[in-house]
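Opening the notebook on this one.

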Amino acid sequence: MLKINVARLLKNIETLAQIGHTPDGGVSRPALSEDDKAGRDWFRTRVEEAGLKFQADGAGNLSAILPAADPAARTLLAGSHLDTVPNGGRFDGALGVLAAFEALQTIKEADLSLPYCLEAISFTDEEGTVSGLLGSRALTGELTGEDLEQVRLEPEQFKAGLTRLGLTRAGVLAAQRDPKTLAGYVELHIEQGNRLEEAGLDIGVVTSIVGIRSCWLNFTGQAGHAGTTPMDKRADAMWGAADFITQAREMVTAQFSPGVMNCGQLHLSPGAFNIIPAEVRLALEFRHGSEDQLDAMEQSLLDLAAKVAGEYKLTLSVESAGNCIAAPMDMRLVEAVEQAADQLGLKHTRLLSLAGHDAQSMAAFTPSALFFVPSVDGISHNPREFTRDEDMVNGGNVLLHTLLTLAAGER
Ligand SMILES: [Zn+2]
């Protein structure tokens with residue numbers, strides 16, 4: 001059975017981790033930084049040394065390409081991102097890119113002729129230094145000129161960063177590809193959680209990247225003297241908000257698992273020791289794997305908020321604060337990943353991805369799959385992020401055999 005070159009993959013992971021390394025063993029390669037540039041240059045050199053074709057698009061997405069014998073063949077993409085959060089870890093993103101690169105080298109060396117052109121891709125700015133999923137959204141055409149006006153960098157900093165990488169705004173916006181030329185996208189990533197580790201499993205096959213909805217719940221009661229107002233005469237907005245949070249937690253756990261909810265901000269007014277809170281503004285966010293589940297969750301949470309408001313003599317108003325749609329993965333590709341894991345004798349499960357990934361942009365554009373290998377203690381976006389060598393190797397081999405399984409299905 002064909003296997004990746006373990007020593008080469010691990011050496012590449014180790015060498016790349018030296019670019020932008022921090023004293024505590026982490027990595028800082030934020031998008032468009034000098035270290036990002038150095039990581040990109042390193043990748044280009046490795047690709048060219050491997051005898052693969054190097055390609056960079058207008059958004060700075062970098063690719064290693066193994067052409068098919070048939071020049072009209074569609075392209076099967078595999079990859080992730082080389083950028084990191086500031087003071088992040090060495091595996092987030094890097095593993096997916098370097099494992100895809102390794103799989104292509106292995107297929108090239110085995111002299112296999114596939115019905116697809118294979119492309120190992122590193123997307124620009126997955127982590128959101130500039131905008132988040134910038135490269136993958138540029139590739140799918142989802143990124144707009146307005147998005148580039150609202151970047152998180154200062155205008156001068158953004159301009160300098162683009163120049164550093166040899167990019168232009170116009171080029172970024174022109175990076176869209178034709179989905180008809182693509183056969184799919186497969187991404188290997190570290191889990192960034194500890195579900196696989198706790199369950200003693202090797203591979204987590206993602207069925208959907210969760211959608212995220214957020215809103216402000218405004219509970220309004222009446223301010224009053226905190227001493228002289230009898231307890232049963234109060235319309236205390238904080239009592240309502242607190243009861244909502246407790247009941248919502250129980251409801252989501254009991255009825256919507258593996259969906260999750262969070263109340264991350266709370267503003268009270270007038271806001272004093274001795275005044276009954278007249279108003280509470282509560283930031284509610286919830287996540288689930290499909291729009292249907294999100295609809296049901298939203299209905300239940302808002303019904304609960306209204307019921308609780310009534311019980312505490314409050315009024316409720318709701319303001320939407322954002323919506324990121326769920327990205328279900330393609331079941332044919334999900335099954336191809338599972339088949340590859342089975343062939344390798346690895347234990348796997350299906351799960352939701354509760355964090356965003358490039359596969360989220362890609363899923364609506366081309367059939368996509370995302371799978372995880374374990375993160376020790378679930379730590380990520382942290383210098384202590386760690387994935388064991390054997391898990392990285394398992395991930396690389398599953399990626400390799402997913403590409404081969406999809407190719408065999410195409411014949
Ligand atoms: Zn990542």
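**Cavity.** I started with the lining of the largest cavity: by class it has two nonpolar, two polar and four charged residues. My classes: Ala, Val, Leu, Ile, Met, Phe, Trp, Tyr, Cys and Pro are nonpolar, Asp, Glu, Lys and Arg are charged, and the others, Gly among them, are polar. The lining residues are D36, R40, L82, D83, S122, F123, T124 and D125. Two or more of them come from each of α2 (34-49) and β4 (117-123). Helices (H or I, at least four residues) and strands (E, at least two) are DSSP runs, numbered from the N terminus. The space inside is about 40 Å³, and searching the whole structure gave one cavity of 30 Å³ or more.

**Ground rules.** I'm working on a predicted model, where local features need pLDDT of at least 70 and side-chain atom pairs count only at pLDDT 80 or more, while totals for chains, interfaces and linings use all residues. Residues are numbered from 1 along each chain as its sequence is written, and side-chain values use heavy atoms, with hydrogens and water left out.

On a 1 Å grid over the protein atoms alone, a cavity is a set of points where a 1.4 Å probe fits but cannot get out; a pocket is an open set with protein on both sides within 12 Å along at least five of seven lines; lining residues have an atom within 4 Å of a point. Grid points are joined across faces, edges and corners, and a volume is the space filled by probe spheres set on the points.

How much space lies in the largest pocket? I get about 860 Å³. It has 35 lining residues, and G132, L133, R137, C324 and Q360 are the closest to its centre. The lining splits into 14 nonpolar, 13 polar and eight charged residues. Domain 1 (6-209 + 326-410) and domain 2 (216-324) each give at least three residues to this lining; the bounds come from an automatic or database domain assignment.

I looked up the donors (N, O and S atoms within 2.8 Å of the metal, 3.2 Å for Na, K and Ca; water is not among the atoms, so sites may look incomplete). H81 (NE2), D92 (OD) and H189 (NE2) coordinate the zinc ion at 1.9 to 2.1 Å. H81 sits in strand β3 (residues 75-81) and H189 in strand β5 (residues 182-190), 108 residues apart. Both H81 and H189 are buried (under 20% relative accessible area, 1.4 Å probe, protein chains only).

**Backbone.** I noted a cis peptide bond between S257 and P258, omega about 10 degrees.

Note on methods. Buried means under 20% relative accessible area, exposed over 50%, partly exposed in between (1.4 Å probe, protein chains only).
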